[in-house]
Amino acid sequence: MAYFSATQLQTLSWTSSINPNVTYRTPKLLFYPKPLRVSFSSSNVETTTPTKDSSTTTLRELCYGHVQEHVIRRAEEVGYVIPTEVQLQALPFLFSGRDCVLHAQTGSGKTLAYLLQVLSVVDSQRSAVQALIVVPTRELGMQVTKVARMLAANPSEHESGLKSCTVMALLDGGMLKRHKSWLKAEPPTIVVATIGSLCQMLEKHFLKLDTCQVLVVDEVDFMFNSSKEVSSLKRLLTSYSSSKNRQTIFASASIPQHRRFLYDCMQQKWTRADVVHVHVNSVEPMPSCLHHRFGVCNRTDKNPMLLSLLQTDSPGSAIIFVSEQSEKSKKAGSSPPTTLLVDFLKSSCGRFSDVSLLEEDMNFNQRAASLSELQGGGGYLLVATDIAARGVDLPETTHIYNFDIPKDANITSREYFSPLALSSSNSCVIFQVKEDILLNKLLTTSNSQKKIQSSSVGEDAVHVRKQRKDLNNAAI
Ligand SMILES: Nc1ncnc2c1ncn2[C@@H]1O[C@H](COP(=O)(O)OP(=O)(O)OP(=O)(O)O)[C@@H](O)[C@H]1O
């Protein structure tokens, strides 16, 4: 078995200082016509000048005249008094009925922003699905449902005789039979759904979207980048309902090539043409320094390389991102890459015998068990697929190992050079297999805009080192 020394592994490494006040944009690779009236960032928001200093605007003032009093009161009771930056910027557009792309960091309050708009639009006395919120994972769906139910609950329901609005969680891994009866008997006001379960219901006509006024797609960048979800999502946006008849809200922490995305939104009619891009800078405490490394090796050497890195780094808490199992590999009856890696780590070294696993095919109880282990205060080594880790906050994470790079050509610097949702992480390693040519794409999309020729990837690391000076200057 080949082992690598730390210096051999760090063929290309640099450190980026992160300034929380700076928006890190992906560079333009192609020219896309600028969409009309889009792209607001917190530094150059146009026209929404509040009548008083925005720092003293309360959520109540923002919501006044749009959101029912009991919802505002409930929000205040749980501590939502002052709007976050994204809420402050987005709510006036949302309340005006405009389609919006909410582009702000994880934890910035996007969920509350779109839920307030949903609750301002729906009529709880009508027995019809009026809002649909699509999420990539069951966990995120459960979190959103919980907040929606909490805000929607009307304590004076009995006295007033008015119904509270109902929220159905239509999530993968649930018992769809129960949902079918519910939908038939009395449709809920709001549905929070994962795309798989949702499409099943739509195809079998248990659910119809002709009364749906608001469609929210959370973690939209991920949904569009997931080969499994993308075709269903496109069908949902254009066939099952029409952007003309609904308000469409997309939310995401990162939208690589957002100008291209906005262009597609209009061209493909996923949104109306006057869609607003609300882009708010990072607000979460970020590590002052993030150390990036590339490890370039042959495909067969990846496992030993990872092991060697883990031994050298001795990470406090680490996540190793591995690709999902391909359909071809599933059909061949092979084990998923996640399981193979966990088995390798467990058998290779006593220190890493306690490895946790998070992948989308796990059932609900397995995932819940895995997560409760992790959320008990750090000291974990987690092997996860990207989709399974979505919506899960693990702030103790100190190291991220991008063991597999997705084959998707749309990968960008944002996803792989930044600490994702892991605000306290301080090291990020990207594995590059010599046979692949993705290193070139990754580096081209970094702010250095210095191309490394794809031929250099397969060559000696010395060739890569020649480019290092340029990369050291790259602002990530
Ligand atoms: N106005 C507010 N005042 C106080 N707390 C808030 C406010 N808005 C949201 N929060 C809280 O901040 C946390 C993060 O909010 P939320 O989950 O909405 O962020 P997000 O941007 O949707 O994140 P993600 O990208 O992970 O979905 C939650 O605990 C939420 O309760």
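The model is predicted: local features require a pLDDT of at least 70 and side-chain atom pairs a pLDDT of 80 or more, whereas totals for chains, interfaces and linings use all residues. Residues are numbered from 1 along each chain as its sequence is written, and side-chain values use heavy atoms, with hydrogens and water left out.

**Overall architecture**

- The secondary structure comprises 22 helices and 15 strands, where helices (H or I, at least four residues) and strands (E, at least two) are DSSP runs numbered from the N terminus.
- The protein has 476 residues, of which 53% count as buried; buried means under 20% relative accessible area, exposed over 50%, and partly exposed in between, with a 1.4 Å probe and protein chains only.
- Accessible areas come from the Shrake-Rupley method with a 1.4 Å probe, and for residues only the protein chains shown count as cover.
- Among contacts (heavy atoms within 4.5 Å) with a separation of 6 or more, 76% join residues 24 or more positions apart.

**Ligand site**

- Serine 108 also has a polar backbone atom 3.1 Å from an oxygen atom of the ligand.
- Lysine 110 places a polar side-chain atom 2.9 Å from a ligand oxygen atom. A polar contact is a pair of N or O atoms within 3.5 Å; within protein, one must be able to donate a hydrogen and the other to accept it, and residues adjacent in sequence count only if both atoms are side-chain atoms.
- The ligand has 630 Å² of accessible area on its own, and the protein covers 71% of it.
- There are 14 residues around the ligand, and Tyr80, Ile82, Gln87, Lys110 and Thr111 come nearest; a residue is near a molecule if one of its heavy atoms lies within 4 Å of it.
- The shell has 4 nonpolar, 9 polar and 1 charged residues. Ala, Val, Leu, Ile, Met, Phe, Trp, Tyr, Cys and Pro count as nonpolar, Asp, Glu, Lys and Arg as charged, and the others, Gly among them, as polar.
- Helix H5 gives the most to this shell, with 3 residues.

- Helix H5 (residues 110-121) has 12 residues and should span 16 Å at 1.5 Å a residue; its end C-alpha atoms are 17 Å apart, which agrees. The expected span is 1.5 Å times one less than the number of residues.
- Because 9 of its 12 residues are buried, H5 is largely enclosed by the rest of the structure; Lys110, Tyr114 and Gln117 are among the buried residues.
- Helix H13 (residues 302-313) also has 12 residues and reaches 16 Å from its first C-alpha to its last, close to the expected 16 Å.
- H13 is mostly covered, with 9 of its 12 residues buried, including Lys302, Met305 and Asp313.
- Serine 314 follows H13 and has a positive phi, near 45 degrees.

**Individual residues**

- Threonine 137 sits in the loop between strand S4 (131-135) and helix H6 (138-152), and is buried at a relative accessible area of 4%.
- A polar atom of the threonine 137 side chain is 3.2 Å from the backbone nitrogen of leucine 140.
- Lysine 184 belongs to helix H8 (residues 176-185) and counts as exposed, at 70% relative accessibility.
- Lysine 184 and leucine 207 are 23 residues apart in sequence, with their C-alpha atoms 8.5 Å apart in space.
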